[in-house]
Amino acid sequence: MKKVVVLGGGTGQSTLLKGLKLFPIDISAVVSVSDDGVSSGRLREEFNIMAVGDIRRVIVALSETEPLFEELLNYSFCTTSDLNGHKVGNLLLTALCNITGNMQEGIETIGKVLKIKGKVLPVT
């Protein structure tokens, strides 16, 4: 089986991976975790973790899950509380990072649940 490594972050990487997962290849995604957007930036500061937004996008792109669950992971709260702007998937990844003790284990755990096709490796 051919191996493909995709380097990057943001919307472009996840869009590319969504298409690549349709081919019979072994995918590894090396994801930049320097995002400081609304949800990622706040979680990064509060929990002293890597930015999770681009990781979430890549996980969703590589997942073999139902479209409604993809929509759930990408759902952004619109409220006047502290949850405003947070994506459900970002909160789940942050929680898994805290539960498992590190980001890579958190990614692998959610990857098993979502049956992702490939490996997701965060880098700064």
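This is a predicted model: local features need pLDDT of at least 70, side-chain atom pairs count only at pLDDT 80 or more; totals for chains, interfaces and linings use all residues.
Student: Okay, why does Asn-48 count as exposed?

Tutor: Asn-48 has 71% relative accessibility, so it clears the cut-off for exposed. Asn-48 sits in the loop between α2 (38-47) and α3 (53-62); helices here are DSSP runs of H or I with at least four residues, strands are runs of E with at least two, and both are numbered from the N terminus.

Student: What makes the phi of Asn-48 worth a remark?

Tutor: Most residues other than glycine have a negative phi. Asn-48 isn't a glycine, yet its phi is positive, about 55°. Lys-115 also has a positive phi, about 50°, without being a glycine. Lys-115 lies in the loop between α6 and β3 (119-123), and at 59% relative accessibility it counts as exposed.

Student: And how do you know that Arg-56 is buried?

Tutor: The relative accessibility of Arg-56 is 5%, so it falls below the cut-off for buried. Arg-56 belongs to helix α3. Beyond neighbours within four places in sequence, Arg-56 is in contact (heavy atoms within 4.5 Å) with Leu-73, Asn-74, Lys-87, Gly-89, Asn-90 and Leu-93.

Student: Why is α3 called roughly perpendicular to α5?

Tutor: Their packing angle is about 105°, with the axes 9 Å apart. Axes are lines fitted to C-alpha atoms, for helices over the stretch in contact, and angles run from 0 to 180 degrees between N-to-C directions. Angles under 35 degrees are roughly parallel, over 145 roughly antiparallel, 65 to 115 roughly perpendicular and the rest oblique. So α3 and α5 land in the roughly perpendicular range. Gly-53, Ile-55, Arg-56 and Ile-59 of α3 meet Gly-89, Asn-90 and Leu-93 of α5.

Student: What makes the way α5 passes α6 a right-handed crossing?

Tutor: A crossing is right-handed if the near helix is turned clockwise from the far one by less than a right angle, and left-handed if anticlockwise. α5 passes α6 in the right-handed sense.

Student: How do you know that Leu-96 is buried?

Tutor: Its relative accessible area is 18%, so Leu-96 is on the buried side of the cut-off. Leaving aside neighbours within four places in sequence, Leu-96 touches Gly-101, Gly-106, Thr-109 and Ile-110.

Student: Last one: why is the pair of Tyr-75 and Phe-77 edge-to-face?

Tutor: Phe, Tyr and Trp rings (six-membered ring for Trp) pair if their centres lie within 6.5 Å; planes under 30 degrees apart are stacked, over 60 edge-to-face and the rest tilted. The centres of Tyr-75 and Phe-77 are 5.3 Å apart and their planes stand at 85°, so the pair is edge-to-face. A search of the whole structure finds 1 aromatic pair. Tyr-75, at 42% relative accessibility, is partly exposed, and Phe-77 is partly exposed at 27%.

Notes: Residues are numbered from 1 along each chain as its sequence is written. Side-chain values use heavy atoms; hydrogens and water are left out. Buried means under 20% relative accessible area, exposed over 50%, partly exposed in between (1.4 Å probe, protein chains only).
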